[in-house]
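This briefing gathers what can be said about the fold, the packing and a few individual residues of one protein chain. The topics are taken in turn after the structure is shown.

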Amino acid sequence: MNSIVIVESPAKAKTINKYLGDGFTVMASYGHVRDLPPKNGSVRPDEDFAMDWEVAAQSKKHLMTIVNAAKTADAIYLATDPDREGEAISWHVLEELRDRKLLNGSEVKRVTFNAITKAAVLEAMENPRKLDTELVDAYLARRALDYLVGFNLSPVLWRKLPGSRSAGRVQSVALRLICTRELEIEKFVPEEYWTVDTKLTKGSDQSFTMRLTHHKGEKLGKFGLPDENSAKAAQTVIENASFTVELVEKKQKQRRPYAPFTTSTLQQEASRRLYFSARQTMDIAQRLYEGADMGGETVGLITYMRTDGVQIDSAAVNTIRNVVGEDFGSEYVPEKTRAYSSKAKNAQEAHEAVRPTDPARRPKDVEPYLSKDQLRLYELIWKRTVASQMESAIMDQVSVVSASADKATKLRASGSVIRFPGFLKVYEDAPKSGSDESKDKEADSILPPLEEGEALKQGNVKPEQHFTQPPPRFSEASLVKTMEELGIGRPSTYASIIQVLQDRNYVRMDNRRFIPEDRGRVVTAFLESFFAKYVEYSFTADLENKLDEISGGRMSWKTVLSDFWTDFISAIEGASELRITQVIDTLDELLEPHLFPKSEGGTDPRKCPSCDDGRLSLKFGKFGGFIGCTKYPDCRYTRQLSVSGNDPNAAAADGPKELGEDPETGMMVTLRAGPYGIYVQLGDAEVLAARAGAATPPPVEEKPAKGKKPKKPKKPKVPKPKRSSVPKGMDPLAIDLEQGLKLLSLPREVGVDPESGEMILAGIGRFGPYLKYGDKYQSLGADDNVLEIGLNRAVVVIAEGKLKKGRRGGGSAKSLGEHPDDSKEVTVRDGRFGPYVQHGSLRATLPRDKDKDAITLEEAIELLAIKAAKAGTAKKGTKKKAAPKKKTKAKKKTTTKKKAAKKKTNAKEAAPDTSADQVD
């Protein structure tokens, strides 16, 4: 019996092919084989939402391979992924085969498996099912919705907002989240408040810190000490008082382990702990799912990575409990197995959680077979899975209150100690940063044993100023979490949504945080003004729920499309009638806090700096929006939209911006715009010249030797002002004196490299931020701050840089042996365009049907010889270019005609002979 098995990827096909016996041929569709043509009319609402499909150019070859195999197949197994997209790929392949009338006599079966292991694949082949038409309907509805929004809303954007790209159904809502957060930050007004901490000592050496909570008999709120005067007054009261312990509270707290990974939580944790983007996480997870070659056997290492589910197979749970007992001891194994349930409203794609296919396969066991990033992600998944079936952590928490004799002043301190680590033994909390870290300082402190009524010796009293902070910008982790909470999109779409926003230049990443570009803010303002319903979080979430209802067979997909289309096309028609001036006026008003922020001096931010009575406003031209004067064409002042970012017109539009005086030199630190970007400068050239002149004695004229001309006195060398570039991604208008001085102090010492013993320096060069160790340099990525990077991170960056440089020849190399001609090594490698073999500088690509793991030294030498012969033939067939004749200078002529004639003659002589460029 001849059977073919169709999967999405060649890697998956390669793994499954080894599990199935003779009579099965596994082939890959390479993703979707067809899609809606990118033109009007591909979805026709007036024809009951009829849809046209087109085989993509890159898919024709792969589809024909499947078609040819299907002609003689007795059975066709559709083994694509077990989610909505996987079901859609199988449906497309089946429809193409049906249209070509190739299903006569062939039995079609749909098989799914949650892990690519031999047992899971063979079990699925024994239990086939029919194609899930409800999942296909949900796919059709989603694809039609995305098409109708894109091909109807985008043209409105192009006509009303020149320079705009396009709009998407879910991407536009995600963009609104980022833009709304940025507006909150811009409107935020910091509030000052103070705290007072006191150092107290028990006995002679056990000191700890307590914070003022009650003053003058009243409990202090966050703003109880609003300024320095009130804080100083409280300090005086504390210094003049004596304190005894009034209350000691002790309690135990249990911390339960986290649930195993879903797609969303995997992306969030990989972002926080590994600094992976959502796309990077999913790409690496895909490779782990499809399998790795482990000692001649290809094995899928994790279960399917697109899932809403948190449950784990009972057999896997038993394996996990055994691993916990073996590695950590029986006290870490809970009495009962832990069960988790999904919080997803309708987990239609819910299978198992993302977990290792074999929990007993520890990270150290797979390390030799994985790349560094693959190993890091596998280890993260393994630890989270194992921790989910471990005992809770037990924390001892202590709170202490001390009071003055009159009870009018009270101080408080709290601390915690881990009594039993439980799951924290495997899966520690991710490191905190910023405000989160400062909040937990008090809770993480360890207090000495204290008894009520015990007298305490008072030490230093320290008032400290604070300011409230604006909400933080979204990171990939926090954006994914927010989208999931609001029901926007689905976990399998988050990575593509984020990527599209960046590809369209609607947002950019700065220190791993999203900042909306002006183009994105204008598009969001337009949609909020004229398509408000379609960027509402609740509307988008409700539509996602309807798609889930379709996949569950509870709603008709065409009914959902019809309800959506009726209102949407009316909104499109209404927006088409808008006048450009109406759109501009609306956006000008809505974006005023961003485009024209209030200045500290109280001056009118809309006053034109070029003319007396002109006002600045939003305008649009051929290439998009800009700020211009209302007195155009009499006044031609313009600037870019943004008043932040690396824009010289915004950062230093009126010349150097003074940041303050350097406390060491007394010289002014300024922010300036140069031809290569924004930079900070210490001092001024004229001031330095004057200082140099005052410090240098007047030059002494030397008497010339007999018969020689007198030498001119040497001018004193004037030191140039110290400068430092502002790195890309740092907002110039947010730079203050402190940051300016830090930039000027570069390069700075980070610490000593533990491997080489050399000092690591961080600085900014002509190619951007870098690390230097010895005489070697390593560039810093966009996620690393040159002003803040520490030794641990620097060592990791350098190590990763060495690894990349070692692989610059093209992926990790596997030696096949020595070449008989020169005894040099022949290797096989992975390249951008597929695997290849290499000998010295000569490379030869492997044929498509050749497995790189199965190639022998003899086959590699043959391929290299063929490549060398071709290269030699090409060299022989290429003629050398004729060297251009030297152009001779023409003699001066008295007439213009003679000059022109001579130039023309010289030009002809100097032109190269292009006929010599032809190749035989």
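Leu-447 is buried, with a relative accessible area of 17%, although its place is in the loop between α14 (441-444) and β17 (455-467). The model is a predicted one, and every value below is computed from it. In the protein chain, 44% of the 920 residues count as buried, and the secondary structure amounts to 27 helices and 34 strands.

**Overall figures**

- Among the contacts in the protein chain that join residues at least 6 apart in sequence, 66% are between residues at least 24 apart.
- The protein chain has an accessible surface of about 50300 Å², and carbon and sulfur atoms account for 49% of that surface.

- Beyond its neighbours within four places in sequence, Leu-447 is in contact with Phe-208, Val-398, Val-400, Ala-413, Ser-414 and Gly-415.
- The C-alpha atom of Leu-447 is separated by 8.9 Å from that of Thr-209, although the two residues are 238 residues apart along the chain.
- Strand β10 (residues 206-215) runs antiparallel to strand β16 (residues 410-420) and is joined to β16 by three bridges, and within this pairing Leu-212 has Leu-411 in β16 as its bridge partner.
- Strand β15 (residues 393-404) is also antiparallel to β16, with ten bridges between them, and here Ser-402 has Leu-411 in β16 as its bridge partner.
- The hairpin of β15 and β16 has five residues between the strands, and in this hairpin Lys-407 takes a positive phi near 65 degrees.

**Helix α1 and its cover**

- Helix α1 (residues 10-19) has Lys-12, Ala-13, Thr-15, Ile-16 and Tyr-19 as buried residues; seen down the axis of α1, these buried residues fall within an arc of 165 degrees, so they line one face of the helix.
- The elements that cover the buried residues of α1 include β1 (3-7), β2 (24-28), α4 (118-126), α9 (278-290) and β14 (297-299).

**Nonpolar cores**

- The largest nonpolar core has 141 residues, of which Ile-302, Leu-377, Phe-526, Phe-531 and Leu-587 touch the most other members, and helix α5 (residues 133-160) gives the most to this core, with 13 residues.
- Apart from that core lies another, of 25 residues, which has Leu-659, Ile-678, Leu-682 and Leu-743 among its members.
- As general background, nonpolar side chains in soluble globular proteins tend to be buried together.
- When residues up to four places away in sequence are not counted, Ile-302 touches Ala-285, Leu-288, Tyr-289, Val-354, Arg-355, Pro-356, Thr-357, Tyr-378 and Ile-381.
- Thr-385, which is found in helix α12 (residues 372-387), is buried, with a relative accessible area of 1%.
- Leaving aside neighbours within four places in sequence, the residues in contact with Thr-385 are Ile-312, Ile-320, Val-354, Arg-355 and Pro-356.

**The sheet of β20, β21 and β22**

- Three strands form an open sheet in the order β20-β21-β22, with antiparallel pairing; β20 (616-621) and β22 (638-639) stand at the edges with a single partner strand each, so one side of each is left without a neighbour in the sheet.
- The antiparallel pairing of β20 with strand β21 (residues 624-629) extends over six bridges, and Lys-619 stands opposite Phe-626 in β21.

**Cysteines**

- No disulfides are found in a search of the whole structure.
- For Cys-635 the closest cysteine sulfur is that of Cys-608, at 3.7 Å from its own sulfur, which is too far for a bond, because a disulfide requires the sulfur atoms to be within 2.5 Å.
- Cys-635 counts as buried at 6% relative accessibility, and Cys-629 is buried as well, with a relative accessible area of 2%.

**The loop that holds Asp-853**

- Asp-853 has its place in the loop between β34 (842-845) and α26 (857-876), where Asp-853 counts as partly exposed at 29% relative accessibility.
- Apart from neighbours within four places in sequence, Asp-853 is in contact with Lys-14, Asp-293 and Lys-814.
- From C-alpha to C-alpha, Asp-853 and Asp-293 are 8.9 Å apart in space, while in sequence they are 560 residues apart.

How values were computed. Residues are numbered from 1 along each chain as its sequence is written. This is a predicted model: local features need pLDDT of at least 70, side-chain atom pairs count only at pLDDT 80 or more; totals for chains, interfaces and linings use all residues. Side-chain values use heavy atoms; hydrogens and water are left out. Buried means under 20% relative accessible area, exposed over 50%, partly exposed in between (1.4 Å probe, protein chains only). Helices (H or I, at least four residues) and strands (E, at least two) are DSSP runs, numbered from the N terminus. The arc is that of the directions from the helix axis to the C-beta atoms. Contact means heavy atoms within 4.5 Å. Accessible areas come from the Shrake-Rupley method with a 1.4 Å probe; for residues, only the protein chains shown count as cover. Two strands pair if DSSP finds at least two bridges between them. A nonpolar core is a set of buried Ala, Val, Leu, Ile, Met, Phe, Trp, Tyr and Cys residues joined through side-chain atoms within 4.5 Å.
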